[in-house]
Amino acid sequence: MQIVEQIEFHPQAFKVLLDILFTEGSFNILWTGVIIILLVSFVYPIEEDKWIFVIPAITIFAVSISPFIFSFAYEYLISRTTINRSLLQTVPLIIFVCCILSERFYKSK
Amino acid sequence: MFFNAIVIPPIFDDAITCWSYKAKVIYFNKSIEMNPDNPLFLGGAYSLYPLAPSLFRVWIALIMGGWHEGYIQLHSLIILVSLLLLIFINLKEYTSFFMRVLSCYLIISVPLFSTHAYAGYADIILSCYITICFILLMKWYFTKENNILIIAAASMAMAIFTKNEGLVLYLPAALITFSYYCYKVAMKLDEKVKAVSLYILTLCIVAGPWIVFKIVYNIPLW
């Protein structure tokens, strides 16, 4: 019940998130690179087990940004403090996955 | 980063008012206050915050025989180096040497990481635990060794005891990933049941006491 009461949808959060990820520079070009690698891994055929690596990266990224879209934590998205720390927690695993996908893409060429 | 870690005291909000404050209260009182009516309950401020980052500092202070701010702050840097080593070593099974070096470079090049190496926040500790958990889950998928799964579950449980995000955000993510791996992994049904039981059991043994404690003392879970 506590969770249901705290849910509130903030569609405007998507635009703010895009700004944070791609234009504000806290993570430089990291997220642009991640998106490119994930897209390439889907467009080009790499080994069949890519979902084994992609699922953790996508879920961990999704859960780290979801409070800012679906709860009162949207206000912290506006102030830019907590969102950068939340994204920071996910960075090592996402880089780990992207390096594996990049290598497999390179080998499959 | 090393210089900053040993010279600059905690200057960020949560680092001062929560993690270091709780640690100092516990260290100088030589115990954890368990009376909810006492203002120093669980080390004082923010009783709903888990204790692991503060206890980590207390542990370092106890080993050193005194509270030395600079050396205690150094733990974040040590965790960052451990995280880099973790990535570098575990990528060996999947990628070339060049890619392993590149991955470490990419992590360390994120400015926030170098700041958190001395900021005194708990995010870098949480990041380390969840990275260990997910990397070991991947490793379990390929090796099917249950001891790896137990360490992955223990790591996730430690993430729960490090920050509340571990419970409400990263535990569901780990369970989704583990469910998918269980669905895809080439194992017999009874082996899958055993693996799931081991994972849940380890989570309950390591993180259960903290969650039960919160429920018993009527502390919000997040």
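Mentor: The part to start from is B:A15, which lies in helix 2 of chain B, residues 13-29. Keep in mind that this is a predicted model. B:A15 is buried, because 21 other C-beta atoms lie within 10 Å, and the cut-off for a buried residue is 20 or more. Which residues is B:A15 in contact with, leaving aside its neighbours within four places in sequence? They are B:P10, B:S20, B:A119, B:G120 and B:Y121. With B:Y121, the C-alpha to C-alpha distance is 5.2 Å, although 106 residues separate B:A15 and B:Y121 in sequence.

As for B:M156, not counting residues up to four places away in sequence, its contacts are B:C133, B:L171, B:A174 and B:L203. As a general background, nonpolar side chains in soluble globular proteins tend to be buried together.

Helix 7 of chain B, residues 123-143, also packs with helix 4 of chain A, residues 50-70. The angle between the two is about 155°, and their axes are 10 Å apart. Angles over 145 degrees count as roughly antiparallel, and therefore helix 4 of chain A and helix 7 of chain B are roughly antiparallel to each other. Their crossing is right-handed. On the chain A side, helix 4 brings A:I52, A:F53, A:P56 and A:I60; on the chain B side, helix 7 brings B:I130, B:F134, B:M138 and B:Y141. Sorted by class, this contact of helix 4 of chain A with helix 7 of chain B has eight nonpolar, no polar and no charged residues.

That pair belongs to the wider topic of how the chains meet. The contact takes 24 residues from chain A and 32 residues from chain B. On the side of chain A that touches chain B, helix 4 and helix 6 (81-108) of chain A each supply at least two residues. Helix 6 of chain A gives the most to that side, with 13 residues. By class, the side of chain A that touches chain B has 16 nonpolar, six polar and two charged residues.

Chain A itself has six helices and zero strands, so its elements, read from the N terminus on, run α-α-α-α-α-α. Buried residues account for 39% of the 109 residues in chain A. Among contacts in chain A between residues at least 6 apart in sequence, 74% join residues at least 24 apart.

Return now to chain B for another helix pair. Helix 4 of chain B, residues 69-90, and helix 5 of chain B, residues 97-108, have axes that come within 9 Å and cross at roughly 155°. That makes helix 4 of chain B roughly antiparallel to helix 5 of chain B. The crossing of these two is right-handed. B:L84, B:I87 and B:F88 of helix 4 of chain B make the contact with B:R100, B:S103, B:C104, B:I107 and B:I108 of helix 5 of chain B. By class, the contact of helix 4 of chain B with helix 5 of chain B has six nonpolar, one polar and one charged residues.

Key: Residues are numbered from 1 along each chain as its sequence is written. Chains are lettered from A and ligands numbered from 1 in the order in which they are written. This is a predicted model: local features need pLDDT of at least 70, side-chain atom pairs count only at pLDDT 80 or more; totals for chains, interfaces and linings use all residues. Axes are lines fitted to C-alpha atoms, for helices over the stretch in contact, and angles run from 0 to 180 degrees between N-to-C directions. Helices (H or I, at least four residues) and strands (E, at least two) are DSSP runs, numbered from the N terminus. Angles under 35 degrees count as roughly parallel, over 145 as roughly antiparallel, 65 to 115 as roughly perpendicular and the rest as oblique. A crossing is left-handed if the near helix is turned anticlockwise from the far one by less than a right angle, and right-handed if clockwise. Two residues are in contact if their C-beta atoms, placed from the backbone, lie within 7 Å. Ala, Val, Leu, Ile, Met, Phe, Trp, Tyr, Cys and Pro count as nonpolar, Asp, Glu, Lys and Arg as charged, and the others, Gly among them, as polar. A residue is buried if 20 or more other C-beta atoms lie within 10 Å of its own, exposed if 12 or fewer, and partly exposed in between; C-beta atoms are placed from the backbone.
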